[in-house]
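Please look at the sequence and the 3D structure shown here, and keep both in view while you read. The paragraphs below lead you through them step by step.

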Amino acid sequence: IYLISPNKISLNFYENLISVLKTKKVKYFQLRLKNTSNKNIISISNKIKKICKIYNVKFIINDNPIIAKKVCADGCHLGQSDMNIIDARKILKNKIIGITCNNSIEKAKEAINNKADYIALGAFNSSKTKKVKFKATIKDLKKIRMLSNKPIIAIGGINQYNYKKLLLNKADFLAISSFIWKNKNLKPEEAIKKLK
């Protein structure tokens, strides 16, 4: 699982994060805070990084290679409107850099050629985390899988009812946020246990 943070970090978030990472189901954790000062992101990052280290989870910063370098994160995730991977690589050297490719074969090819460490694809379902602009299909996933053996991370509204189809079609990781953090029926650690 490629776990993405909630949009706001509450006081009980750190406890919940520990209980989720204890399940050993998470490989990556991405801090994705859109309307927060850099100073805040850095202080939150320092706390999260320590937790990720204990549970052997890669810590990724969203959008910002400079902050990723500053906090010694394991890497950075870049959207299509963020810094390009070539410039980001100069800052982050051999750290992990992942690229959002929406539902585009062309963008995926470009990311592969530019030596992205993983490709994020989606949205496969409608999502509570953000408005879906690009809808990806299983067909897109299969096509991109044929281009490369780089890890593919499936994004968008993934929950216990729809995740298996993505794994069966060779998605390597599932990017999940609101199913864990905004689940009305399940606590975060209960929600993650539903993904077997």
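What follows is a walk from the strands to the charged side chains.

This is a predicted model, in which local features need pLDDT of at least 70 and side-chain atom pairs count only at pLDDT 80 or more, while totals for chains, interfaces and linings use all residues. Residues are numbered from 1 along each chain as its sequence is written, and side-chain values use heavy atoms, with hydrogens and water left out.

Which strands pair with E8? Strand E1 (residues 2-4) runs parallel to E8 and is joined to it by two bridges, and Leu3 stands opposite Ile176 in E8. Strand E7 (residues 152-155) also pairs with E8 in the parallel sense over two bridges, with Ile153 having Phe173 as its bridge partner in E8. Two strands are said to pair if DSSP finds at least two bridges between them.

The next topic is charge. Side chains of opposite charge can pair when their charged atoms come close. A salt bridge is a side-chain nitrogen of Lys or Arg within 4 Å of a carboxyl oxygen of Asp or Glu, and a search of the whole structure finds five of them. One of these joins Asp63 and Lys34, with 2.6 Å from N to O. This pair links distant parts of the chain, 29 residues apart, since Asp63 sits in the loop between strand E3 (58-62) and helix H3 (65-70), whereas Lys34 sits in the loop between strand E2 (28-31) and helix H2 (38-54). Asp63 is partly exposed, with a relative accessible area of 24%, and Lys34 counts as partly exposed at 46%.

Two other salt bridges lie within helices. Asp87 pairs with Lys90, the closest N and O atoms being 3.7 Å apart, and because these two residues are three apart in helix H4 (residues 85-92), they are separated by about one helical turn. Asp87 is partly exposed at 33% relative accessibility, while Lys90 counts as exposed at 55%. In helix H5 (residues 105-113), Lys109 and Glu106 are also three residues apart, and therefore separated by about one helical turn; the closest N and O atoms of their salt bridge are 3.9 Å apart. Lys109 is partly exposed at 35%, and Glu106 is exposed at 54%.

Finally, where is a positive surface patch formed? Lys8, Lys128, Lys182 and Lys184 form one, where a patch is made of residues with over 30% relative accessible area and no salt bridge, like charges being joined within 9 Å and nonpolar side chains (Val, Leu, Ile, Met, Phe, Trp, Tyr) within 5 Å. Lys182 belongs to the loop between helix H8 (178-181) and helix H9 (188-193), and it is partly exposed, with a relative accessible area of 37%.

Notes
Accessible areas come from the Shrake-Rupley method with a 1.4 Å probe; for residues, only the protein chains shown count as cover. Lys and Arg count as positive and Asp and Glu as negative; His and the chain ends are not counted. The place of a charge is taken as NZ of Lys, CZ of Arg, CG of Asp or CD of Glu. Helices (H or I, at least four residues) and strands (E, at least two) are DSSP runs, numbered from the N terminus. Buried means under 20% relative accessible area, exposed over 50%, partly exposed in between (1.4 Å probe, protein chains only).
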